[in-house]
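Reader: I'm new to this one and would like a quick tour. Could you show it to me first?

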Amino acid sequence: MECSLQSAANLILQAETIVITAHVHPDGDSLGSMLALYQYLEAKGKNVQMLLDDTLPVLYEFLPGIQKIHRSTEPPIDADLLVILDASDEERIGKIGKLVKAAVLNIDHHISNTKFADYWYIDSAAAATGEVILAMLKLMDAQISPDMAVCLYTAIATDCGFFRYANTSAQTLRYAADLVECGVKPHLISEYVDVRPLSSLLILQKALGTLELYCNGKIAAITISQSLLDDDDSTEGLVNYPRNIVGVEIAILFKFVEAGVCRISFRSKNADVSRLALEFGGGGHIRAAGCTVKGTVEETKRKVIAAAKRQLQELPA
């Protein structure tokens, strides 16, 4: 059932035992949104826990409270409410949907959301789920602590490319200003997110050597094989390198995380890559989306490049 933001807030406040989760391959938005909501509910005395069906990226270990997010292998959990943040379909949360027995509330901002939950609030105009969570906390008359502010600012800033992407709105900048007034130091968060381990630069060096261009340079793809990966978070942002090439409309990062499994990231300048991702069971934003595809390297690249070419044909000349 579609609900208002106030109704979503009421569902959360009425529940006593709450599980919060988000999509696999977590990013700054999903993690920051989870942590801010958790910190508020914990302070309210709720029985609340955070579960993810994936490992946590080292990149975001600076977020306050991130060590309280657990990867559950427990038997089914009974709760009043399962809150799913920043995920557009049930597949995106992995096994958590089967582990938690509860009514499901989905809060999201992806235009590709499939409205899979018992209750959902989707604001596709928001630059990040962090914006939606901040708006909801304001409805709850929540006091935004400095730790919550760091989490929310990270959620918002990372999902709009630190205010460089097309999804940055006047409201996005107002929310960022509010969080700075709550104690956020933007330069510190930028430094945390920009710092990369040496392994990441070495992967970039090798990945750029795989660059392939299609459709007269309108599609650019790079490929990271399983053998290149030292850790799962060291490829953050690499898809932007092919995207920034002059003339490229759709950029694709193929990351083969295990035999026969590829995590794919899409970026574009005008094309709706959320539709491209949805074709393969994924989702995301109009200009930034992703999916997971099973198959050999050759099969996966052939299918995805063919779909990207079809997407290009729909653009105005």
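This is a predicted model: local features need pLDDT of at least 70, side-chain atom pairs count only at pLDDT 80 or more; totals for chains, interfaces and linings use all residues.

Reader: Which residue in β5 does L82 stand opposite?

Author: Start with the strands: β4 covers residues 77-85 and β5 covers residues 100-108. They pair in the parallel sense, over seven bridges. Within that pairing, the β5 residue opposite L82 is V104.

Reader: And what is the bridge partner of I18 in β4?

Author: Here strand β1, residues 17-22, comes in: five bridges join it to β4, and the two run parallel. For I18, the partner in β4 is L81.

Reader: How many of the nine residues in β4 are buried?

Author: Buried means under 20% relative accessible area. By that cut-off β4 is mostly covered, and the buried count is seven.

Reader: Which residues touch the most other members of the largest nonpolar core?

Author: In soluble globular proteins, nonpolar side chains tend to be buried together. The largest nonpolar core here has 58 residues. Apart from it lies another core of 23 residues, including F266 and F280. In the largest one, those touching the most other members are I12, I20 and M136.

Notes. Residues are numbered from 1 along each chain as its sequence is written. Side-chain values use heavy atoms; hydrogens and water are left out. A nonpolar core is a set of buried Ala, Val, Leu, Ile, Met, Phe, Trp, Tyr and Cys residues joined through side-chain atoms within 4.5 Å. Buried means under 20% relative accessible area, exposed over 50%, partly exposed in between (1.4 Å probe, protein chains only). Helices (H or I, at least four residues) and strands (E, at least two) are DSSP runs, numbered from the N terminus. Two strands pair if DSSP finds at least two bridges between them.
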